[in-house]
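Please read the report below alongside the sequence and the 3D view. Each section takes up one part of the architecture.

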Amino acid sequence: MCLDRGLFSGYTAGPFYDEMFSSQGAARSHYARLLEKLGGMAPSQFEERRKLADLSFLLQGITFTVYSDGRGTERLFPFDLIPRILPQSEWAHIEAGLTQRVVALNLFLQDVYGKQQILKDRKIPSSLVYSCRHFRREMMGLEVPHGIYTHVCGIDLVRDSSTGEFYVLEDNVRTPSGISYVLENRLVMTRAFPEAFHEHEVLPVAHYPSELSRILRMLSPRGESESQIVLLTPGIHNSAYFEHSFLAQQMGIELVEGSDLIVDGVVVYMKTIYGLKRVDVIYRRVDDDFLDPLCFRSDSMLGVPGLMGAYRAGNVALANTPGNGVADDKAIYAFVPTLIKYYLGEDPVLRSVETYLCDRSDHLSHVLTNLPKLVVKSVGESGGYGMLMGPSAARAEIEAFRERIMSEPRNYIAQPIVPLSVVPSYDSAAQCMAGRHVDLRPYCLYDGQKVTIVPGGLTRVALQPGSLVVNSSQGGGSKDTWVLRGEC
Amino acid sequence: MLSRIADSLFWLARYTGRAEDTARILDVTFHTLLEQAQKRYGLRWDPILSMAGEETLFRQFYSEADAHNVFEFLAFNPNNPSSIMQCITKARENARKIRDRISREMWEDLNGLYFTLGTFDPKEETAAGPHRFCGRVIFGSHRFHGVTDATLPHDEGWEFLRVGWALERAEMTARLVDVQYRNLLALSSIGGTPDSHQWMAVLKSVGAYEAYHRQYHSPIDPARVAEMLILNSQHPRSIRFCVTEMQAGLRAISNTGPGSYANEAERLTGKVLEGLRYDRIDDILRGGLHGYLTGLIQMFNTIGEVIARTYFYYAAVA
């Protein structure tokens, strides 16, 4: 396939599923209008728009800091201007799958920290649950406000090139980040390419903060009318700090650090210029480990001593609920289809990637003999840490992983490499479009009754040629994600 | 409002104010000295350093003060905590910590200023002279004030900015008058004649040159210059004007009416302001200008500390 016009001239998708072009080389119907709009554009015109977008991100300080040069240089999170477009039918399928998954994960958390019926019914091994690094004994038997654990979930999806089908790659139900990029990407995109929006009916995403705010307000132990809500951040040096301040501002709530809060008489207060003021709901973006030095890690300087005491007494609500890490453990992931069947009596709408648990001896031997073909993940990690990409790894690295897996099999799972789909992305070095691998992280909000998902989510793109790793630390960027009201 | 946020707003204002003050002094002094004989340079570069309060630090880098190294030191030097670049960097850090509480426009404006100033090459600018760089800093500071005024709700957070700006200006004007007065009088005592150009430079550095002429309709007279900068009720950089602003800001924060005070910061500010309202310049000069200004500077330091104790600090246990 080869296009002869402007920006896309010489473009070929390669052997992967291309989100924009069919295997015959024609634009898919939901991309046809965009191709018409952009196809005639000269690279120099495109480059101009790109610079405009970059400047906008720089001015707003949407950067992350790289400390490797000792001076703390700020880099942009790269943004690619070609959007990822999903027609309504595909999105409806995804939405149904995510809704089902979020409800099941919440039921699982209620059960695990409550009656533990699923363990008694032996649908999932108790040893697997108790050995999760993020299982919190402290949460056992605690009744959480409205029974909600998974207020905010970010669920990573990928499209497998061999089947063209979406799969769930991992669940993030602790403190998922990235939604601010979804909202900012859209804003920048409407400024850089206003004319492209005229041609499409793109579903809006801007209601996320008000929906989250509604859910948080609902949790207030003193009732919604008297609800002081705060967002607890680890502080300015956290890589997601931009997002924390962005969300606080958008929701009109106070952004606090641990040292701004104090617990007195099992009630949480914040320190204001007029004295102490009671806090009812904490949207916390601090990990469980650091929340309360009296309950979890005693060396934590980021948390609030006594916070968990106030939480247990029902004087303050926390979102997300502590202990959620047991549900997004990568070994538990293999059982999510079982959970969906067990709690909802339904078949999973979205499939999971085949997963080998290294602490099962039959799986382990398969993993050890096929290491160069697999991706190995450490179960309690997120963000692309503790991973082995078999096909691209050096021999020594593979052997090092082999040792680690054998000494601590419970800590690892392995999966076949999923050949991710690609979206045309601008390669500024070569000054042309090239297919780059993408994933998709939609953000789901749960109020105990219904799941709300802003249409689309964060499309992360591996900007390095051939790379399958989309994390920003590995040269990944992002794209605006459009869900269309119709099919094209 | 969280105490930490009030603290950051206060310092955001002080650092942007300090950057502007330093830029003004550098720019005006440099251009005045261009019109003077080279051999007098030494006499006049040192006072700028003492105005900035960083004379000792300067000696660790340079043995003798000249046009280039004073500019480099006060504008760019990363080891000088009061250099313009350091002030803007710290102002931006404070803004970044509270960016959810300031307007998006304020953040983008200050962040843009930070990146713009970062594109200036110290070597090139030092060679070219301070006008281009300082002009950008002064313009940037003015714009930031304007953006703040137009986009931030005028609530207690705005009042902390107002108090920070006023306190920083009051202190800098006091230093400026003190140092220049001593310097120019010293010049005459060793046989030099400080001509009106130097006093003009003092007025220009606080943007009060035209206002002086409108006010006095007379040639430049050192006593009138001091009066203008210390006691004038309307010029936005006079000490009296700044202290009036401080009082208004502090009262708005504590919701205190005229004639009383709610805390030590308000009591001290009120006391200083009464003096400035009823003092006469001739009495001040007779009693010793240096002592008078030193007293004010010490008072401003105390007021800054008391504001912090009243609003920013919290005991570890409530």
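Strand S22 of chain A is joined by four bridges to strand S23 (residues 476–483) of chain A, and the two run antiparallel. Strands, like helices, are DSSP runs numbered from the N terminus (H or I, at least four residues, for helices; E, at least two, for strands). Two strands count as paired if DSSP finds at least two bridges between them. Within this pair, Ala462(A) stands opposite Gly476(A) of S23(A). In general, strands of a sheet pair through backbone hydrogen bonds, either parallel or antiparallel.

The pair belongs to an open sheet of three strands, in the order S3-S23-S22 (chain A), with mixed pairing. Strand S3 (79–86) and strand S22 (459–462) of chain A are at the edges with a single partner strand each, so one side of each has no neighbour in the sheet. From one strand to the next the twist averages 40°.

## Basis of the model

This is a predicted model, in which local features need pLDDT of at least 70 and side-chain atom pairs count only at pLDDT 80 or more, while totals for chains, interfaces and linings use all residues. Residues are numbered from 1 along each chain as its sequence is written, and chains are lettered from A and ligands numbered from 1 in the order in which they are written.

Another open sheet has four strands in the order S7-S6-S11-S12 (chain A), and its pairing is parallel. Which strands stand at the edges of this sheet? They are strand S7 (254–256) and strand S12 (317–319) of chain A; each has a single partner strand, so one side of each is left without a neighbour in the sheet. The twist here averages 25° from one strand to the next. Three bridges connect strand S6 (residues 229–232) of chain A with S7(A), and these two run parallel. Leu231(A) has Leu255(A) in S7(A) as its bridge partner. Helix H9 (residues 241–251) of chain A packs on the sheet and touches S6 and S7 of chain A; its direction makes about 150° with that of S7(A). Such angles run from 0 to 180 degrees between N-to-C directions, with axes fitted to C-alpha atoms, for helices over the stretch in contact.

Strand S9 (residues 267–272) and strand S10 (residues 275–278) of chain A run antiparallel and are joined by four bridges. They form a hairpin with two residues between them. Thr272(A) has Gly275(A) in S10(A) as its bridge partner.

Chain A has 14 helices and 23 strands, whereas chain B has 16 helices and zero strands. A compact globule of 488 residues would have a radius of gyration near 23 Å, and the 23 Å of chain A agrees.

The C-alpha trace of chain A spans about 70 × 60 × 50 Å along its principal axes; for chain B the box is roughly 60 × 50 × 35 Å. Buried residues make up 46% of the 488 residues in chain A and 45% of the 318 residues in chain B. A residue is buried if 20 or more other C-beta atoms, placed from the backbone, lie within 10 Å of its own.

## Two domains in chain B

Chain B is divided into domain 1 (1–152) and domain 2 (154–318), with bounds from an automatic or database domain assignment. Their centres, taken over C-alpha atoms, are 20 Å apart. In the contact between them, 28 residues of domain 1 of chain B meet 27 residues of domain 2 of chain B. Two residues are in contact if their C-beta atoms, placed from the backbone, lie within 7 Å. On the domain 1 side, the elements that give two or more residues are H1 and helix H2 (41–52) of chain B. H1(B) gives the largest share of that side, 18 residues.

## Where the chains meet

The contact between the chains takes 18 residues from chain B and 20 residues from chain A. On the chain B side, helix H1 (3–34), helix H5 (84–97) and helix H6 (104–118) of chain B are the elements that give two or more residues. H6(B) gives the most to this side, with five residues.

Notes
Rg over C-alpha atoms; globule rule 2.2 N^0.38 Å. Buried ≥ 20, exposed ≤ 12 C-beta atoms within 10 Å, placed from the backbone.
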